[in-house]
Amino acid sequence: MKGNELTPHVEELKRVLGKKVSEEDIRAELDNFVNRFGVDVENAKKAIVRKLGDEGVSFITADAVKKKIGDLTGNEQSVDITAKVVFGESKDVTVRGQPKTIFSGILGDDTGTASFTVWEGEGVELETGAVYEFRNAYTRLWNERVQINVGNRGTIEASKERIETVPYSGGEPVDAKIGDLREGMGSVNVTGKVIDVERREITVRGEPRVVFSGKMADDTGNVQFSAWEDFGLVEGRTYTVSNAYVRAWRGIPQLNMGDRASVEEADADFGDAVGGPTESTISEIIAVGGGIDVSVTGVVVDVRQGSGLIQRCPECNRAILNGECVSHGTVEPVLDLRLKLVLDDGTGAMNVHVGRELTEKLTGVTLDAAVGLAKARGDPEAASRGMAGKVIIKQMKATGNVLSDEFGPMMIAREAEFLEIDIDAEAKKLLSEMEATI
Ligand SMILES: [Zn+2]
């Protein structure tokens with residue numbers, strides 16, 4: 001792509017990134033991605049916004065296109081959609097350590113259905129069955145399914161349009177194992193043991209409602225569930241749930257027992273062992289989209305930037321540089337340790353985020369020691385480099401919840417340990433495998 005062909009894309013990036021970044025820098029980055037690395041220009045633009053911009057910015061083009069759900073590609077930066085809310089609910093989540101309310105669910109029109117999330121969901125109350133006009137939304141593809149997102153530039157308005165929606169993944173309910181549950185399953189029958197269950201009172205569209213949520217497991221995995229009525233679920237007992245639906249939040253499948261669901265106690269016995277971490281491969285995780293309490297064994301192939309001794313904003317907990325927070329200006333930074341690792345298990349690669357306590361355990365370097373080293377050397381990077389050297393190219397078993405975003409799966413490690421590799425045993429195993437094939 002020649003310089004003048006890049007210009008409209010440079011202009012678009014300038015609008016998105018504002019004055020913070022110079023045109024020369026944008027052009028150089030874009031040229032690098034497109035012409036040196038052969039990256040598709042749309043992906044290159046996303047990568048540049050990620051690298052140079054604030055998180056959460058989205059492209060806004062002068063004339064947003066209007067599309068039907070069935071025509072969405074998952075690559076729309078700004079799109080208008082008129083659709084019916086098949087179902088939706090608000091949810092309190094934590095984003096970068098900050099509590100936040102989102103509103104998410106399923107939208108449908110006469111061409112298809114797709115999950116959606118309103119990221120600024122405070123005060124958003126969309127009625128199930130009502131039609132709305134979503135403007136300036138953007139889409140992402142996950143697991144070959146389109147997800148509709150309404151960010152801070154998006155708007156939602158009630159629409160008078162009447163819409164017949166296609167049935168949401170309709171048809172007969174299918175029997176499924178918990179390990180096979182994935183987003184888009186509109187009607188499933190699942191048998192599992194209730195590991196824990198909690199009754200919570202929440203507000204949905206201004207009405208108090210009670211939701212029962214917890215974790216269910218079978219011999220293939222764990223899943224979080226929500227029940228919208230009291231099925232009398234008891235911890236430790238096994239149930240068959242019929243006509244439930246699956247929705248993913250950031251790739252993690254969740255089993256929902258909605259209006260059509262029924263629950264019966266089951267004879268199946270999964271034993272006491274179920275409910276613990278599930279051993280999995282990265283390719284299996286990628287196929288599903290995420291999971292709770294998953295264990296993966298692989299090799300640490302990269303320690304990403306932002307690992308080691310870092311500064312956090314005391315207000316928003318965001319990682320910052322040189323005591324400057326994009327939201328809170330100059331602040332007195334709080335020092336912290338973390339690792340952002342890339343773990344490869346031979347089937348795929350996954351980001352693993354490791355918090356302070358685990359980082360101290362894995363590297364043997366405490367926060368105080370890292371601060372001391374940084375001061376002694378007059379170089380905060382010195383501590384970070386030393387810590388990276390202690391984890392790279394080691395075999396590691398990591399356990400935690402795995403979320404997904406557009407960059408793929410990311411584990412928030414709850415537990416992690418290095419495995420000693422017995423070179424002799426590995427060599428013998430390899431030799432006997434080779435001999436067996438001769
Ligand atoms: Zn801040």
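Lysine 45 has its place in helix H3, residues 41-52 (helices are DSSP runs of H or I of at least four residues and strands are runs of E of at least two, both numbered from the N terminus). Because 23 C-beta neighbours lie inside 10 Å, lysine 45 counts as buried (a residue is buried if 20 or more other C-beta atoms lie within 10 Å of its own, exposed if 12 or fewer, and partly exposed in between, with C-beta atoms placed from the backbone). This is a predicted model, in which local features need pLDDT of at least 70 and side-chain atom pairs count only at pLDDT 80 or more, whereas totals for chains, interfaces and linings use all residues. Residues are numbered from 1 along each chain as its sequence is written.

- Leaving aside neighbours within four places in sequence, lysine 45 is in contact with His9, Glu12 and Leu13 (two residues are in contact if their C-beta atoms, placed from the backbone, lie within 7 Å).
- Lysine 45 and valine 10 are separated by 35 residues in sequence, while their C-alpha atoms are 8.8 Å apart in space.
- Helix H1 (residues 3-17) packs with helix H2 (residues 23-36) at an angle of about 125°, and their axes are 10 Å apart (axes are lines fitted to C-alpha atoms, for helices over the stretch in contact, and angles run from 0 to 180 degrees between N-to-C directions).
- H1 and H2 are therefore oblique to each other (angles under 35 degrees count as roughly parallel, over 145 as roughly antiparallel, 65 to 115 as roughly perpendicular and the rest as oblique).
- The contact is made by Leu6, His9, Val10, Leu13, Lys14 and Leu17 of H1, together with Glu23, Ile26, Arg27, Leu30 and Asp31 of H2.
- The residues of this contact of H1 with H2 divide into 6 nonpolar, 1 polar and 4 charged (Ala, Val, Leu, Ile, Met, Phe, Trp, Tyr, Cys and Pro count as nonpolar, Asp, Glu, Lys and Arg as charged, and the others, Gly among them, as polar).

- In helix H5 (residues 356-363), the residues Leu358, Thr359, Leu362 and Thr363 are buried.
- Glycine 364, with a positive phi near 75°, follows H5.
- The axes of helix H6 (residues 367-377) and H7 come within 6 Å and cross at roughly 130°, and H6 and H7 are therefore oblique to each other.
- Ala370, Leu373, Ala374 and Arg377 of H6 make the contact with Pro380, Ala382 and Ala383 of H7, and the residues of this contact divide into 6 nonpolar, no polar and 1 charged.

**Positive phi in residues other than glycine**

- Asparagine 243 is found in strand S12 (residues 238-249), and its phi is near 60°, a positive value in a residue other than glycine.
- Asparagine 243 counts as partly exposed, because 17 C-beta neighbours lie inside 10 Å.
- Aspartate 293 lies in strand S16 (residues 291-303), and its phi is near 55°, again a positive value in a residue other than glycine.
- Aspartate 293 counts as buried, because 22 C-beta neighbours lie inside 10 Å.

- Valine 190, found in strand S9 (residues 188-204), counts as buried, with 25 C-beta neighbours inside 10 Å.
- Valine 190 and alanine 244 are 54 residues apart in sequence and 8.1 Å apart in space, C-alpha to C-alpha.
- Apart from neighbours within four places in sequence, valine 190 is in contact with Ala176, Ile178, Val241, Ala244 and Leu255.
- Lysine 68 lies in the loop between strand S1 (65-66) and strand S2 (79-95), and it is partly exposed, with 13 other C-beta atoms within 10 Å.
- Not counting residues up to four places away in sequence, lysine 68 touches Asp109 and Thr111.

**The chain as a whole**

- The protein chain has 8 helices and 24 strands, and buried residues make up 32% of its 438 residues.
- Among contacts between residues at least 6 apart in sequence, 59% join residues at least 24 apart.
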